[in-house]
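Student: Could you walk me through this model while I have it open? I'd like to start with the overall picture and then pick through some details.

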Amino acid sequence: MSSVTDRLIQGSMWLSLSRAIVNGLSALSTFVLAWYLVPADFGLVAIATTIQVILSSVTELSLNQALIRHESPSETHFSAVWTLSVTRSAVLALLFAAASYPIAEFYNEPRLTSVMLALSFSLLLSGLANPRRVMLQRDLIFWQEFVLNVSQKLVGFVVTVAIAAIYQSYWALVIGTLAYQVTNIIVSYTVLPFWPRITFRHARELFSFSVWLTAGQIVNTLNWRIEYLLIGKMLGATQLGHYTVGNTLSTLPTREATAPLNQTIYPGFSKVRNDPVRLIAAYQRAQALLAAVALPAGIGMAVVADPMMRLALGEKWVPAIFIVQALASVFALQTLGSLVQPLGMAKGHTKMLFIRDTQMLVVRVPIIIAGLMMAGLPGVVYARVLTGLISTVVNMLLVKRLINLPFFQQLAANFRALASVAVMAAGVWGLSHVLNTPTDKLALALHLAILVVTGGILYVGSSCVLWLAMKKPNGPETEVQRIVVKFLSKAKRIAVPKSA
């Protein structure tokens, strides 16, 4: 058994506590803000943050990835990364601030000017973060990541929710973002002491690896953010608010459920990139575990979206239910090929990833525009589902090209997860229609709890039955069994200390 793969799995489990806390805070923050704010507030801030993200991505240097792949980065490398990052962020902050008034005029939304001026500080802060933080991922060290992730999310949550509760203003979203970044800077330098100095040495060396990642990041951001600008201009802030919250909740279960594993994948693949056999084994194990977690999380969110959103957000967010149902499902299915990104980076095929992103942009944008013109917001959602499925197939074909793992062999490795989640979805969907959705809050909460518990039982039960029927092949079930055995063994040693 690969020691690197073991560290990937163990590291993922270690980080699960961190992600569970972050996941809980993210979900709670979204629900609380949805109560205090109106959809137009989310839409207003979404326009500004979308422009900010696009501007950041167009100039993204991808220097952290270059540090991870570097054999032995020195203090000068870290200082060079810091210098380049600060220079970039300062220029971006000035450009973003200067563009605030013209963009507010374009969208006929005067409030955008002050929002963008405030977020220009966010751009400036982004360049001040400690570049040494990336070495935690490179060396598969996790306790510092726990401290960093939880502290910054906790501070951002407290600030955002407090401002929303007191003032019920969209400024809660803006100031919460600034608090999040300030905390990241303070804690990162506390956990990993580093005194940067201004230098541009090694810039050419760092750019040689990151150039195609930067180009891919530009295309990818346009790919996933362009509809925000189109919806904001053509449909208005309220519908953009529905789309923003729906999209956020759709990504939440899949992203947070798989984040512990994703955080360790790239450095893990990098360590075995020159050993094809170990790389294929690591990919198959990681992908199977990813799908086993992501599929029930995403599909489960979709089948309980109606009672969950009525209970948690109220009737004003009912238009976002369909968005969650559709996008949560496709996000879950996209994880079947999502590991092609760290795989391609580990093997140094960043140009190939850029070409893929460009091809998807060419395909995706016209489909989304067509959907928007023909059917409004539902048309955009249908377009997202179609292009998401296309993206999944493209990614799996790229995996075949990178490590010669056939397409149907990749599907076969995820058969039990796909079959089990189909049983879960059918069972929960059928039960929800038999029970009907109540209107009383207490009854609605009980209804939701019954659906969630039923879904969990159906998924776990189906997975176990299929695993036993297939004579216990290696897979996610094996990983869980091994981890449980190790945990129980350690617990037993602690409970029964050695005799003197």
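Student: To begin with, how many helices and how many strands does the chain have?

Tutor: The chain has 20 helices and zero strands, where helices (H or I, at least four residues) and strands (E, at least two) are DSSP runs numbered from the N terminus. Please keep in mind that this is a predicted model, in which local features need pLDDT of at least 70, side-chain atom pairs count only at pLDDT 80 or more, and totals for chains, interfaces and linings use all residues. Residues are numbered from 1 along each chain as its sequence is written, and side-chain values use heavy atoms, with hydrogens and water left out.

Student: What share of the residues in the chain is buried?

Tutor: Of the 500 residues in the chain, 53% are buried, and buried here means under 20% relative accessible area, with exposed being over 50% and partly exposed in between (1.4 Å probe, protein chains only). The chain exposes about 22,300 Å², and carbon and sulfur atoms supply 69% of that area; the areas come from the Shrake-Rupley method with a 1.4 Å probe, and for residues only the protein chains shown count as cover.

Student: And among contacts between residues at least 6 apart in sequence, what share joins residues at least 24 apart?

Tutor: That share is 82%, with contact meaning heavy atoms within 4.5 Å.

Student: Let's look at helix packing. How do helix 6 and helix 9 cross?

Tutor: The axes of helix 6 (residues 111-126) and helix 9 (residues 171-191) come within 10 Å and cross at roughly 15°. Axes are lines fitted to C-alpha atoms, for helices over the stretch in contact, and angles run from 0 to 180 degrees between N-to-C directions. Helix 6 and helix 9 are therefore roughly parallel to each other, given that angles under 35 degrees count as roughly parallel, over 145 as roughly antiparallel, 65 to 115 as roughly perpendicular and the rest as oblique.

Student: Which residues make that contact?

Tutor: Helix 6 contributes Ser114, Val115, Ala118, Leu119, Phe121, Ser122, Leu125 and Ser126, while helix 9 contributes Trp171, Val174, Thr177, Leu178, Gln181, Val182 and Ile185. The residues of this contact divide into ten nonpolar, five polar and no charged; Ala, Val, Leu, Ile, Met, Phe, Trp, Tyr, Cys and Pro count as nonpolar, Asp, Glu, Lys and Arg as charged, and the others, Gly among them, as polar.

Student: What about helix 13 and helix 14, at what angle do they cross?

Tutor: The axes of helix 13 (residues 305-312) and helix 14 (residues 321-334) cross at roughly 135° and come within 9 Å, and the two helices are therefore oblique to each other. Ala305, Asp306, Met309 and Arg310 of helix 13 meet Ile321, Val324 and Gln325 of helix 14, a set that divides into four nonpolar, one polar and two charged residues.

Student: Changing topic, where is threonine 254, and is it buried or exposed?

Tutor: Threonine 254 is found in helix 11 (residues 237-271) and is buried, with a relative accessible area of 6%. Not counting residues up to four places away in sequence, threonine 254 touches Ala294, Ala297, Gly298, Ala328, Phe331, Ala332 and Thr335. Leucine 252 is also found in helix 11 and counts as buried at 6% relative accessibility. The C-alpha atoms of leucine 252 and alanine 328 are 76 residues apart along the chain and separated by 8.4 Å.

Student: Which residues does tyrosine 459 contact?

Tutor: Leaving aside neighbours within four places in sequence, tyrosine 459 is in contact with Ala292, Pro296, Ala417, Ser420, Val421 and Met424. Tyrosine 459 lies in helix 19 (residues 441-469) and is buried, with a relative accessible area of 10%.

Student: And where does proline 196 sit?

Tutor: Proline 196 is found in the loop between helix 9 and helix 10 (203-234), yet it is buried, at a relative accessible area of 18%. Beyond its neighbours within four places in sequence, proline 196 contacts Ser79, Trp82 and Tyr189.

Student: Last one: what is the phi of asparagine 108?

Tutor: Asparagine 108 has a positive phi of about 55° although it is not a glycine. Most residues other than glycine have a negative phi. Asparagine 108 lies in the loop between helix 5 (100-106) and helix 6, and at 67% relative accessibility it counts as exposed.
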